[in-house]
Amino acid sequence: MEQTAKSKSGNGHPDYDPSFAEEVFRNVDFGEEIKMCMQCGVCAASCPLSLEMDHPPRQIFTLIRAGKRAEVLGSQSIMLCTSCYSCKVRCPRKIPVVDVMHGLAHYALKQGFVPRKETAAFGAKFCDQIYRLGRIDEKDLPRRYFFAGGLVEGIKKALAFQDIGLRMLLHGRMKLLPERSIKNIKSLRRMLDKAREKGKGGACA
């Protein structure tokens, strides 16, 4: 069941869990790197999407230390990262901010939080296609994503993106024929299955 930032931790205090920081350090990919943060704000200043975030990375790290479990795992910010790596390159402590944010997003979904439903839905379709083909089919992925919510919604989304689709087709970025799976796709699937078993496969595990 989807959780929200209004949930309680069970200790009588709304959205407060004193053990949350250790939970993140222990279970989130690169979570221990958060300990290195000195709150300089370079990550937020470098992020092209910081103005769209409810909490930029610096604040997310502070909220983790403050035990704000539901607020962090329910934050839309952790699913907004586009992996431009500006924050990671400029961080004076060399914290892999991108990896931490992706790790938090993946962990939030595992815990039942869905901060951005459409982002999560697209990610699921993306990972499914990687598992099936080992690559992305630029026409099949949008189709599956658009129509995941039903026929009417799918038609509306497809019409809204028809100009982009046409330009991709004209510039050779999208093929008419279905994409074939990569060579040794079975080997890739075994790798992804193993990563899923160990819980170290990122969003696609």
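Leucine 151 counts as exposed, because its relative accessibility is 60% and the cut-off for exposed is over 50%. This value, like the others here, comes from a predicted model. The residue sits in helix 9, which covers residues 151-160.

Read from the N terminus, the order of elements is simply α-α-α-α-α-α-α-α-α-α-α. The chain has 205 residues, and 36% of them are buried. Its accessible surface comes to about 12,500 Å², with carbon and sulfur atoms supplying 56% of that. As for how the chain meets itself, take the contacts between residues at least 6 apart in sequence: 63% of these join residues at least 24 apart.

One pair of helices shows such packing in more detail. Two packed helices are described by the angle between their axes and by the distance between those axes. For helix 7 (residues 117-133) and helix 11 (residues 185-198), the angle is about 135 degrees and the axes lie 8 Å apart. That angle makes helix 7 oblique to helix 11. On the helix 7 side, the contact is made by Ile130, Tyr131, Arg132 and Leu133. Helix 11 brings Ile185, Leu188, Arg189, Leu192, Asp193 and Arg196 to the contact.

Notes:
Residues are numbered from 1 along each chain as its sequence is written. This is a predicted model: local features need pLDDT of at least 70, side-chain atom pairs count only at pLDDT 80 or more; totals for chains, interfaces and linings use all residues. Side-chain values use heavy atoms; hydrogens and water are left out. Helices (H or I, at least four residues) and strands (E, at least two) are DSSP runs, numbered from the N terminus. Buried means under 20% relative accessible area, exposed over 50%, partly exposed in between (1.4 Å probe, protein chains only). Axes are lines fitted to C-alpha atoms, for helices over the stretch in contact, and angles run from 0 to 180 degrees between N-to-C directions. Angles under 35 degrees count as roughly parallel, over 145 as roughly antiparallel, 65 to 115 as roughly perpendicular and the rest as oblique. Contact means heavy atoms within 4.5 Å. Accessible areas come from the Shrake-Rupley method with a 1.4 Å probe; for residues, only the protein chains shown count as cover.
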